[in-house]
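Please read the following briefing alongside the sequence and the coordinates.

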Amino acid sequence: MAFISAAAELTANGRTQIENKFITKYLPVLDARAVKVYLMALYACGSGLKNYTLEDFARKLEMSADEVANYFDYLEEFELVSVTSRSPFEVRVLSAENVTGSPKKLKPEKYSAFSSAVQSIITGRMISTNEFLEYFYLLDEYSFEQNALLMIINYCVNLKGNDIKAAYIKKVAKSFAEEGATTAAKVEEKLSSYTSSTPALAKIFTALSINRRPDPDDSALYEKWTKELGFGDDAIICAARHFRARTAQKIDQALAELYKNRKFDPKEIEDYCRERNSLYSCARELAKALGVYMQDAAPYVENYVGAWRDRGFENDTLALIADYCFLQGMNSFEKMNDYVSSLYDEGVITQSAVTEKLERAAADDKLLKSILGRCGLTRRIIEHDRQCLKKWREWQFSDEMLFAAADAAAGKNNPVAYMNSVLSSWKSEGITSAGAIAPRNPADGGESKRAIIERHYYDLRAAAKARADRALAKAMKDPEYAETRKQLNSLSIKQAFAEVNDDRSAARISAQISGLTARARARLNALGLKPDDFVPHYKCKLCNDTGYDAEGRQCECLQRFIKINKL
């Protein structure tokens with residue numbers, strides 16, 4: 001074993017340091033050379049000097065080994081160290097107990113009568129020397145009258161039995177001292193208050209099936225519940241039952257929540273807990289519907305379910321919404337909250353209103369499914385589709401017109417975008433019914449001139465973009481190029497931040513980007529590609545296949561198209 005070791009509470013600090021307690025309490029009264037020994041001991045045990053001996057220690061301080069041993073004995077009288085072995089000589093450094101007050105060397109002989117009285121109270125076992133020293137310390141440090149401390153020990157033994165630990169007695173005694181109860185008269189007064197609360201607490205514990213006797217901590221909490229918070233015994237029992245609290249600490253938490261919500265009467269508590277339980281039950285059911293794992297419902301109740309209920313949404317209504325959200329891929333409380341908020345903004349709150357809303361949504365999705373099918377698409381409906389349908393209806397187009405536009409968009413690279421273009425042209429030309437399409441377009445299968453032009457230029461742009469997309473897809477199939485491009489993208493983001501904060505890093509990143517760019521070009525060359533291939537190359541360089549120049553005038557290519565097609 002090491003020559004010097006430290007108590008756990010001291011080494012937990014993880015560094016060599018001097019406690020404030022030592023400076024304020026012990027430094028003024030200790031022998032100067034003893035202070036040197038103590039400080040060196042702190043350093044030795046905190047620095048992990050496992051092979052340090054008493055002789056090494058003495059040489060470091062320019063003392064003899066006997067002198068050092070004597071000073072450790074001196075420090076032990078102040079309970080700053082403990083000499084745990086004489087051969088070999090071993091010392092344990094302890095933690096100072098209190099910040100204020102003057103240290104006193106304990107003299108057990110002056111407490112002989114007190115010691116006998118303590119042993120007569122704790123009859124189930126022999127009290128050790130160290131335990132007696134704990135009691136002596138309490139007497140000296142907190143200025144307890146001996147009879148006062150004996151009364152506390154007797155109370156604790158009656159409460160816990162003869163196998164009571166000294167640590168418990170010490171804890172209770174310190175709590176008395178903190179409240180100024182260190183004389184026999186004040187201890188008796190405090191114990192009387194505990195005794196007066198014991199029957200009530202015993203009744204509460206019995207009602208809650210808590211199988212132990214109330215202790216001082218329980219009595220202190222009971223005084224808080226009844227005098228500070230204002231709860232009656234029936235209310236305390238009612239709260240504990242509804243909150244399923246089986247410890248005094250849990251009861252205290254329950255009463256704190258009820259106090260915060262101003263619920264004091266058993267009837268108020270029952271109503272509150274019924275609503276509270278409903279919220280928790282609702283949260284769990286919603287989690288199941290959404291497919292969310294919920295370990296603790298409290299945060300979900302506080303952040304979501306409680307707020308939804310406050311807005312007027314009932315449990316059954318929220319269950320409908322949760323089912324809908326799960327089917328739409330909004331399977332989280334956060335996403336459901338966004339949808340609930342949108343319903344609230346629309347004034348859709350009652351179950352009938354939500355049901356009607358969801359039925360309309362289902363009908364819209366059914367319509368969209370048919371429209372996408374007419375376009376030649378088999379994918380699932382996305383939110384963009386729903387937004388497009390909403391816009392088309394704002395344009396006053398009937399389902400028949402939507403199907404007509406879908407038929408026109410069939411086979412296009414982006415049918416939904418093409419539908420937007422066709423419907424936009426119909427809107428601008430005032431075409432609002434399917435019957436109006438054919439008469440206006442006898443030259444080209446029923447399409448209007450504007451629709452023919454927009455479809456032509458849409459096809460040109462789509463073809464250019466498709467060529468660029470195919471080139472990029474071919475390049476990205478190559479692992480080496482794909483990895484290089486990934487690194488370039490990452491470095492580009494880093495460079496953007498570096499240019500603002502660190503010029504040197506920006507320059508370094510720029511050099512890395514140059515090297516990777518050269519590598520990417522070389523790899524593209526091997527694949528028969530150029531970076532320019534990833535950019536759409538439009539047929540008309542003047543208008544980029546839009547039909548109109550930068551000034552909004554008809555492009556030459558559009559004029560030719562109109563002339564050739566006799567539009």
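Contact here means heavy atoms within 4.5 Å, and on that basis residues 24 or more positions apart account for 62% of the contacts in the protein with a separation of 6 or more. This is a predicted model, in which local features need pLDDT of at least 70, side-chain atom pairs count only at pLDDT 80 or more, and totals for chains, interfaces and linings use all residues. Residues are numbered from 1 along each chain as its sequence is written, and side-chain values use heavy atoms, with hydrogens and water left out.

**Overall make-up**
- The secondary structure comes to 26 helices and 3 strands, where helices (H or I, at least four residues) and strands (E, at least two) are DSSP runs numbered from the N terminus.
- Of the 567 residues, 41% count as buried; buried means under 20% relative accessible area, exposed over 50%, and partly exposed in between (1.4 Å probe, protein chains only).
- The protein exposes about 31,700 Å², of which carbon and sulfur atoms supply 50%, with accessible areas taken from the Shrake-Rupley method with a 1.4 Å probe and, for residues, only the protein chains shown counting as cover.

**Around helix 16**
- Ile 321 has its place in helix 16 and counts as buried because its relative accessibility is 0%.
- Not counting residues up to four places away in sequence, Ile 321 touches Phe 313, Met 336, Tyr 339, Val 340, Leu 343 and Val 354.
- Ile 321 and Gln 351 are 30 residues apart in sequence, and their C-alpha atoms are 9.7 Å apart in space.
- Ser 332 lies in the loop between helix 16 (315-327) and helix 17 (333-346), and it counts as buried because its relative accessibility is 17%.
- Leaving aside neighbours within four places in sequence, Ser 332 is in contact with Leu 290 and Val 292.

**Helix 20**
- The buried residues of helix 20 (residues 399-409) are Met 401, Leu 402, Phe 403, Ala 405, Ala 406 and Ala 409.
- Helix 20 is followed by Gly 411, whose phi is positive, near 90°.

- Leu 39 is found in helix 3 (residues 32-46) and counts as partly exposed, at 32% relative accessibility.
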